[in-house]
2 protein chains.
Amino acid sequence: MNTADAILDMLRDKGKVSGEAIANRLKVSRTAVWKAINTLREVGYVIEGDAKGYVLTRTPDLLLPQEVNGLLATKTMGRRIEHHYTIGSTNERARQLAEEGCPEGTLVISEVQETGKGRIGRSWVSPKGGIWMSLVLKPDIRPRDAPVLTLAGGVAVTEALSRIGVQATLKWPNDVLVNERKVCGILTEMSGEMERVHYIVMGFGLNANFPLEDLPSEIRSRSTTLRKEMGEAVERKRLVADIMKGFEAVYGEAPSSIIERWKRASSTIGRTVQVVTKKGFVKGLAKDLDGTGALIVRDDAGQETTVYSGDCQHLSGLPEG
Amino acid sequence: MNTADAILDMLRDKGKVSGEAIANRLKVSRTAVWKAINTLREVGYVIEGDAKGYVLTRTPDLLLPQEVNGLLATKTMGRRIEHHYTIGSTNERARQLAEEGCPEGTLVISEVQETGKGRIGRSWVSPKGGIWMSLVLKPDIRPRDAPVLTLAGGVAVTEALSRIGVQATLKWPNDVLVNERKVCGILTEMSGEMERVHYIVMGFGLNANFPLEDLPSEIRSRSTTLRKEMGEAVERKRLVADIMKGFEAVYGEAPSSIIERWKRASSTIGRTVQVVTKKGFVKGLAKDLDGTGALIVRDDAGQETTVYSGDCQHLSGLPEG
């Protein structure tokens with residue numbers, strides 16, 4: 001543990017602590033204590049000091065490792081966190097770490113992304129207040145079996161939102177919606193040989209606490225944020241920890257079970273949809289997912305098409321029942 | 001074109017050329033000409049010089065871009081070559097270039113690999129005299145459709161060897177054999193999203209001109225080199241250019257056609273094989289490939305198993321006919 005983290009622990013534990021007591025306990029100089037206190041103040045901790053010692057009076061809303069760590073109830077996922085105030089893309093950084101051999105469950109979090117990435121080469125607007133994070137996975141599977149894992153990410157987010165009272169649903173393949181507006185997207189990338197995946201990076205982009213006006217006008221009407229839906233800010237660090245916990249559980253399940261959970265959380269199955277694919281578009285009833293996570297669409301003539309990728313639009317309202 | 005390449009062109013074209021003529025033609029200083037000549041000499045060109053000028057008397061056996069370029073008859077493949085005297089792994093370097101956005105067809109060649117990679121995390125011994133090269137591809141396909149492309153690589157090598165009189169065959173999935181001994185391996189790696197490949201790197205490791213004794217004893221008995229099989233050294237640069245040409249042609253074909261060509265070049269189909277997979281082993285008659293390139297094996301009881309990955313061993317001799 002570094003000095004700053006150790007000081008935070010002491011302040012949380014004891015209330016008021018003198019600089020001398022900290023220095024003695026941590027076996028560092030008084031100057032080192034003073035420097036660490038200043039670093040903590042710079043990143044947003046309010047630490048008041050007088051002749052008798054230091055008191056922590058406010059913890060900032062940042063997704064710092066020491067903040068998230070204390071809430072984590074996982075064995076692997078999020079156990080190593082790399083935090084950035086700003087970064088190009090958390091997925092890109094996570095891929096770098098994976099190439100360097102980081103352990104499974106390594107999580108890259110940034111308060112802001114400058115060049116956040118969406119699916120199919122699109123950009124992803126990532127202002128301050130959102131949750132922008134990328135998780136490194138190292139499953140022992142073939143590339144053809146990877147799409148089911150991306151469904152597991154959507155299930156984890158949707159279920160975590162339910163637990164804080166937000167009724168979220170999944171739109172195929174992996175958009176998380178609240179009141180039919182997008183609140184979270186997932187970008188899964190992988191690297192591997194033909195027969196085995198070396199690593200997967202799963203990027204979560206969750207519109208948490210920023211004003212909807214921070215998004216460009218062209219996507220605003222089909223987007224929402226948790227703050228807007230809940231009427232108050234969400235505790236981001238607790239949500240991150242809860243998504244990690246939920247993901248770890250669903251990640252360990254069999255593909256058929258992941259698909260079942262996805263279907264329960266989804267609002268796509270049973271509706272009329274239009275899916276724009278590379279080859280054109282498919283319109284009809286979203287009937288089911290197949291065993292690989294592909295969407296089975298039945299058109300008016302009763303013809304069924306299996307769609308592996310594309311942009312899905314919900315055309316009809318929610319099915320009854 | 002750099003000065004050294006331009007000088008080589010002039011020497012090849014005119015026989016003897018004075019330093020002054022070169023400097024005038026290329027609009028560079030006499031010192032620059034002298035430096036470039038020295039660089040060429042360092043990499044193995046023998047260039048003799050007297051008061052009247054320079055003469056090229058020997059071209060080294062190196063896979064330098066300027067050597068290979070002149071023989072290339074392709075539109076894309078190998079059109080940009082990065083040459084190394086030694087490197088860790090050409091696949092790794094090619095992946096780096098792909099991440100940086102290099103064009104399709106970029107080819108990384110090294111005279112030696114220090115930490116060459118084989119399939120499934122194995123190492124690949126890569127002494128001087130072999131052909132160690134990695135090609136960057138950017139096909140617009142899904143990861144699940146990528147294994148067929150790796151078959152295309154095997155087809156291109158086998159057919160190129162046939163054209164120089166070496167009867168090579170393919171062992172599933174992608175080892176090139178001569179007299180049932182391995183002469184070439186192919187390691188295909190990819191990076192992408194769930195629905196689309198960003199890039200593929202196809203690494204070719206071809207035992208060309210080195211003595212078999214340069215391989216470790218444990219693989220020597222099942223390996224061979226082109227020099228051993230042909231009784232003389234192969235012209236590596238011409239072979240590289242020819243593999244690129246063949247690959248470009250087969251790469252453009254439909255998956256079903258690639259699989260047909262693979263089957264024609266293979267000695268696996270029709271034989272008794274044992275395939276060691278992650279889950280155990282499959283033994284029986286190698287009956288066919290399915291539409292994705294997976295091997296269909298029929299056991300003694302008539303039960304058919306589709307094998308997606310594993311190490312295949314030929315148990316029986318070649319089928320007749």
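Two strands are said to pair if DSSP finds at least two bridges between them; helices (H or I, at least four residues) and strands (E, at least two) are DSSP runs, numbered from the N terminus. This is a predicted model, in which local features need pLDDT of at least 70 and side-chain atom pairs count only at pLDDT 80 or more, while totals for chains, interfaces and linings use all residues. Residues are numbered from 1 along each chain as its sequence is written, chains are lettered from A in the order in which they are written, and side-chain values use heavy atoms, with hydrogens and water left out.

In chain A, strand β4 (residues 80-87) runs parallel to strand β5 (residues 106-113), with seven bridges between them. Within this pair, H83(A) lies opposite I109(A) of β5(A). Helix α5 (residues 90-99) of chain A carries the chain from β4(A) to β5(A) in a right-handed β-α-β crossover; that is, with the strands pointing away from the viewer, the path from the first strand over the helix to the second runs clockwise.

Let us turn to the cores, meaning sets of buried (under 20% relative accessible area, 1.4 Å probe, protein chains only) Ala, Val, Leu, Ile, Met, Phe, Trp, Tyr and Cys residues joined through side-chain atoms within 4.5 Å. The largest has 62 residues, and those touching the most other members include M133(B), L226(B) and I243(B). Helix α6 (residues 147-163) of chain B contributes the most to this core, nine residues. Another core, of 61 residues, lies apart from it and includes L151(A) and A286(A).

Finally, how do the copies meet? Of the interface residues of chain B, 96% are also interface residues in chain A, so the copies meet through the same surface.

Conventions
Contact means heavy atoms within 4.5 Å. Buried means under 20% relative accessible area, exposed over 50%, partly exposed in between (1.4 Å probe, protein chains only).
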